[in-house]
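I am opening my notebook to look through one protein, step by step. Have the sequence and the model beside you and follow along.

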Amino acid sequence: MAHTSSRTTIVFIVVALVCAFVPAFSVEEAEAKSLWDTCLLKISPKCALDIIGVVFENLTITDACCHDLVQEGKMCHDTLIKYIAEKPHLVAHETEYLTKSDALWTHCVSISQTA
């Protein structure tokens with residue numbers, strides 16, 4: 001139980017950091033802020049944690065969360081994952097995380113198309 005609580009706390013901290021700092025990769029700062037404001041409205045905090053868990057911790061995702069992810073859009077998904085993957089303690093495995101992120105997106109798109 002303590003391990004789950006600790007992991008949840010860490011993930012909440014990561015999400016807070018993502019929300020606090022505007023990531024910038026190939027978009028202007030104002031455009032990035034607008035993108036984040038839009039993305040954060042489309043997806044629940046629980047689903048955001050699940051997405052991070054799939055990519056960074058090898059967890060699983062529900063079909064409902066897949067639908068939310070696809071509704072969120074690829075740009076929002078890629079921005080979130082790329083921003084986290086570029087953190088100093090994760091950057092050594094960035095390629096692996098981006099590959100897992102693409103696989104998650106493909107999986108969720110296929111789930112959404114069958115519903």
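These are my entries, from the whole chain down to single residues.

**Entry 1: ground rules.** I am working with a predicted model, where local features need pLDDT of at least 70, side-chain atom pairs count only at pLDDT 80 or more, and totals for chains, interfaces and linings use all residues. Residues are numbered from 1 along each chain as its sequence is written, and side-chain values use heavy atoms, with hydrogens and water left out.

**Entry 2: the whole chain.** I looked up the secondary structure and found six helices and zero strands. Helices here are DSSP runs of H or I with at least four residues, strands are runs of E with at least two, and both are numbered from the N terminus. Along the sequence the pattern reads α-α-α-α-α-α.

Next I looked up burial: 37% of the 115 residues count as buried. Buried means under 20% relative accessible area, exposed means over 50%, and partly exposed lies in between (1.4 Å probe, protein chains only). The accessible surface comes to about 6900 Å², and carbon and sulfur atoms hold 63% of that area. These areas come from the Shrake-Rupley method with a 1.4 Å probe; for residues, only the protein chains shown count as cover.

**Entry 3: the core.** Which residues touch the most other members of the largest nonpolar core? I found Ile 51, Phe 56, Ile 61 and Leu 104, in a core of 21 residues. Such a core is a set of buried Ala, Val, Leu, Ile, Met, Phe, Trp, Tyr and Cys residues joined through side-chain atoms within 4.5 Å. Helices H3 (45-57), H4 (63-72), H5 (74-85) and H6 (94-114) each supply at least two residues of this core. H3 gives the most, with six.

I then picked out Ile 51. Leaving aside residues up to four places away in sequence, Ile 51 touches Ile 43, Ile 61, Cys 65, Leu 69, Glu 72, His 77, Ile 81 and Leu 104. Contact means heavy atoms within 4.5 Å.

**Entry 4: H3 against H4.** The axes of H3 and H4 come within 10 Å and cross at roughly 95 degrees. The two helices are therefore roughly perpendicular, a label for angles of 65 to 115 degrees. Cys 47, Asp 50 and Ile 51 of H3 meet Cys 65, Asp 68, Leu 69 and Glu 72 of H4.

**Entry 5: one on the outside.** Is Thr 95 buried or exposed? Thr 95 sits in H6 and counts as exposed because its relative accessibility is 63%.

Notes:
Axes fitted to C-alpha atoms, helices over the stretch in contact; angles between N-to-C directions. Parallel < 35°, antiparallel > 145°, perpendicular 65-115°, else oblique.
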